[in-house]
Amino acid sequence: MSPERQVVELELGHGRGSRIEIGRGLLGELDLPDAAALIVDGQVLALHSERLPPSWGPPRIGLPAGEDAKRWGVLGSTLEALAEAGLDRGDRIAVVGGGAACDLGGLAAALYLRGVSWIACPTTLLAMIDASVGGKTAVDLGQGKNLAGAFWQPGQVLADIDFLATLPPEELRSGLGEATKTAMIAGGPLFQLLESGAQALLAGDPAATTALIAECVRTKSEVVASDEFESGGRAVLNLGHTFAHAAERVAGFGRLPHGVCVAAGLGAALELAGHLWILEDADLPGRTARLARELGLPAGLRELREMSGLDLNAEALRAAMGQDKKRRGGGLRFVLPRGLGRVEHGIEVDERSLAQVLA
Ligand code: GLY
């Protein structure tokens, strides 16, 4: 197989799972005689309609761009459009777009006729390495993000990297922030891939990009296969996310790219692990910070404040965490790294250590 095209299988038992293909020109080659509907991010439709295969005639169900897609009203109108088009249980739904489109489209697939199969066609780096893999689907509620959803695995994921050519640089960096998180979970080789390939990745080199996505997807698939419904170990995928979600919430959702906040959250998680004396690799914070800067990402909360120019003060961040940290038992528990490839969930954290990191 060409280094510019790779396949990863996510196997979940009982014949369930996803075949994940990564490479150039994948969408154009897709032959879908039985695909009866295409749910597509409106912005992608405007920018890339020529990439959608001609066999995909109507119905095309357009979604609002970005997080605006993840609303009850959009879910309802999408389901009604599927019913209007007369889709039956044997038909498939293809979803083309970023993470929000995949979350909404996957949930529509989970609900329509109590579940039809779907193909995820992610168009952002972030969605290729995270949202399209693992079957988490959701809409947002007034009370918070992703509060209503289902685990519903796509049978196929097509990560067509040609879509990344029009991705704004900040969105590319956002994907690389999430990739850095995945590399910390995976351990040395993936982290080294990022370190040695940083410039090629920023320049959009197809081989480097394909290799990175494939390795991230392999890591995520292993984690998901061991705990599909997040009763335990899958939580490691949330490394850096408590800090990231707090920053996103304080900034106002949509103002800061998610993966950029994850990069800052990784720095904060390493700092917190240091305060708790659980960090076994003293070089890791410096090494991670160097990588973040090479990728044009913030290495911690202070750099996120500087880069964004936003007032992400400690009190506001701590208050925002109160809404995220959370319903289970009241105590503060974090996902933290002990070293590369040694990430643990459920680590108890005291307020004083947390305050030092937020300051
Ligand atoms: N994005 C985290 C997960 O899929 O579990």
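In this predicted model, the ligand is surrounded by six residues by name: D130, K136, K220, E230, R234 and L237. Sorted by class, this shell holds five charged residues and one nonpolar residue, while no polar residue takes part in it.

In the case of K136, an N or O atom of the side chain is 2.9 Å from an oxygen atom of the ligand. For K220, the distance between a polar side-chain atom and a ligand oxygen is 2.7 Å. The side chain of R234 likewise has an N or O atom 2.7 Å from an oxygen atom of the ligand. On its own, the ligand has 200 Å² of accessible area, and the protein covers 89% of this area.

E230 is located in the loop that runs between α8 and α9, the latter spanning residues 241–251. A positive phi, of about 60°, is also found at W277, which is not a glycine either. W277 belongs to the loop between α10 (258–275) and α11 (284–294).

The packing of the helices was examined next. Two packed helices are described by the angle between their axes and by the distance between those axes. Helix α6 covers residues 169–186 and helix α7 covers residues 188–202; the two pack at an angle of about 160°, and their axes are 7 Å apart. Because of this angle, α6 is roughly antiparallel to α7, the limit for that term being an angle over 145 degrees. The crossing in which α6 passes α7 is left-handed.

Helix α6 also packs with helix α8, which comprises residues 206–226; here the axes come within 10 Å and cross at roughly 55°. The angle therefore makes α6 oblique to α8. As α6 passes α8, the crossing is left-handed.

A further pair is formed by α9 and α10, whose axes come within 7 Å of one another and cross at roughly 130°. It follows from this angle that α9 is oblique to α10. The crossing of α9 and α10 is right-handed.

Definitions and conventions: Residues numbered from 1 in each chain as written. Predicted model: local features only at pLDDT ≥ 70, side-chain atom pairs only at ≥ 80, totals over all residues. Heavy atoms only, no water. Near = heavy atom within 4 Å. Polar contact = N/O pair within 3.5 Å; in protein donor to acceptor, adjacent residues only side chain to side chain. Areas by Shrake-Rupley, 256 points an atom, 1.4 Å probe, with all protein chains shown as cover. Nonpolar A, V, L, I, M, F, W, Y, C, P; charged D, E, K, R; others polar. Axes fitted to C-alpha atoms, helices over the stretch in contact; angles between N-to-C directions. Helix = DSSP H or I, 4+ residues; strand = E, 2+ residues; numbered from the N terminus. Parallel < 35°, antiparallel > 145°, perpendicular 65-115°, else oblique. Left-handed = near helix turned anticlockwise from the far one by under 90°.
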